[in-house]
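Look at the sequence and the fold, then read on.

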Amino acid sequence: MAQVKRIRRKVDGILILDKPRELTSNAALQKVRWLLNAEKAGHTGSLDPLATGVLPLCFGEATKFSQYLLEADKGYETLMHLGVSTTTGDAEGEVLERRDVRLERDVLEAVLADFRGEISQIPPMYSALKRDGQPLYKLARAGEVVEREARSVTIARLDLLAFEPPFARLAVACSKGTYIRSLVEDIGQRLGVGAHVAELRRTQAGPFGLVQTVSLEALEQAHAEGGNAALDRFLLPSDSGLEHWPALQLSEHSSYYWLHGQPVRAPEAPRFGMVRVQDHTGRFIGIGEVSDDGRIAPRRLIRSE
């Protein structure tokens, strides 16, 4: 008997998932997409399977703006296991070396201070970065190690929350592209004892925090009780990740031309930068950029019904 293709529905918005441990970001996305029965979906940057916490999932028109969440600053809490180095930099890897940890809190605090601000970091081999089209983690699993270029990242916050040797719990606020595993390994190396990530929880992704998350279990329960439409109440507006941008409302006349790809003038437009654009009813219709001549040039448009 021929398999009946599932007809997916149009779903627009952002859902902030509290990603469970041992699930890849893509697997989590596909589970939620199936529950919502959504046509189009994407996530805003991978979390390691070991990691939990804030994972914004974009659906429908919201996927057009996912790159801006990908580029946003992030926040984490991590449990650093000192004295044990692993192949992956986290608890899922094989142990490479064990060392005794005889360390005073003030010594650790002094080392942490050196990692605040702008630092140079080499991405780990076990990462989703690609070399010649192949993710580094696939090369690493095959036993290959390739040269990785150091990158500059910013550590805005690095606080010691608790210290009970050999464990230290850290709060981190950082720029995009920061690898917490690399940060923890570098701290362990500086201390001379090695270290790996025992636990990792993302607490912030751009404007979204843990308070806005919903668990996979809660979604499954809502789906069981009310079907995929019952999950729509967990969706945030498509522009909710851009609320730090100025909002600009156009007239009905200007909205028409702007939605047809033409730059328009608006009396209350800022002098430069990116803006969230609304039509005369207040509906979000896309993002624009203020050009040198003061007009609002369309950059990404919301598809009209």
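## Domains

Domain bounds here come from an automatic or database domain assignment. The protein chain splits into domain 1 (13–71 + 208–236), domain 2 (74–205) and domain 3 (247–301).

This is a predicted model, where local features need pLDDT of at least 70 and side-chain atom pairs count only at pLDDT 80 or more, while totals for chains, interfaces and linings use all residues. Residues are numbered from 1 along each chain as its sequence is written, and side-chain values use heavy atoms, with hydrogens and water left out.

## Where domain 1 meets domain 3

The C-alpha centres of domain 1 and domain 3 are 29 Å apart. Domain 1 gives 5 residues to the contact and domain 3 gives 6 residues. Contact means heavy atoms within 4.5 Å.

About 420 Å² is buried between domain 1 and domain 3, and carbon and sulfur atoms give 60% of that area. On the domain 1 side, Lys-64, Phe-65 and Tyr-68 lose the most area to domain 3; together they make up 93% of what that side buries. Buried area is the accessible area (1.4 Å probe) that two parts lose on being put together, summed over both.

Helices (H or I, at least four residues) and strands (E, at least two) are DSSP runs, numbered from the N terminus. Axes are lines fitted to C-alpha atoms, for helices over the stretch in contact, and angles run from 0 to 180 degrees between N-to-C directions.

Helix H1 covers residues 25–36 and helix H6 covers residues 216–226; their axes come within 10 Å and cross at roughly 20°. H1 is therefore roughly parallel to H6. Angles under 35 degrees count as roughly parallel, over 145 as roughly antiparallel, 65 to 115 as roughly perpendicular and the rest as oblique.

From H1, Lys-31, Val-32, Trp-34 and Leu-35 meet Leu-216, Leu-219, Glu-220 and His-223 of H6. The residues of this contact are 5 nonpolar, 1 polar and 2 charged. Ala, Val, Leu, Ile, Met, Phe, Trp, Tyr, Cys and Pro count as nonpolar; Asp, Glu, Lys and Arg count as charged; the others, Gly among them, are polar.

## Helices H3 and H5

Helix H3 (residues 105–114) packs on helix H5 (residues 180–191) at an angle of about 125°, and their axes are 10 Å apart. That makes H3 oblique to H5.

Val-107, Leu-108, Val-111, Leu-112 and Asp-114 of H3 meet Ile-187, Arg-190 and Leu-191 of H5. This contact has 6 nonpolar, no polar and 2 charged residues.

## Loops to look at

Pro-166 sits in the loop between strand E10 (151–164) and strand E11 (167–174). The peptide bond from Pro-165 to Pro-166 is cis, with omega near 10°. Glu-22 is in the loop between strand E1 (13–19) and H1. Phi of Glu-22 is near 70°, a positive value in a residue other than glycine.

Asp-73 lies in the loop between helix H2 (66–70) and strand E4 (74–82). Its C-alpha atom is separated by 5.8 Å from that of Cys-174, 101 residues apart along the chain. Leaving aside neighbours within four places in sequence, Asp-73 is in contact with residues including Cys-174, Lys-176 and Gln-204.
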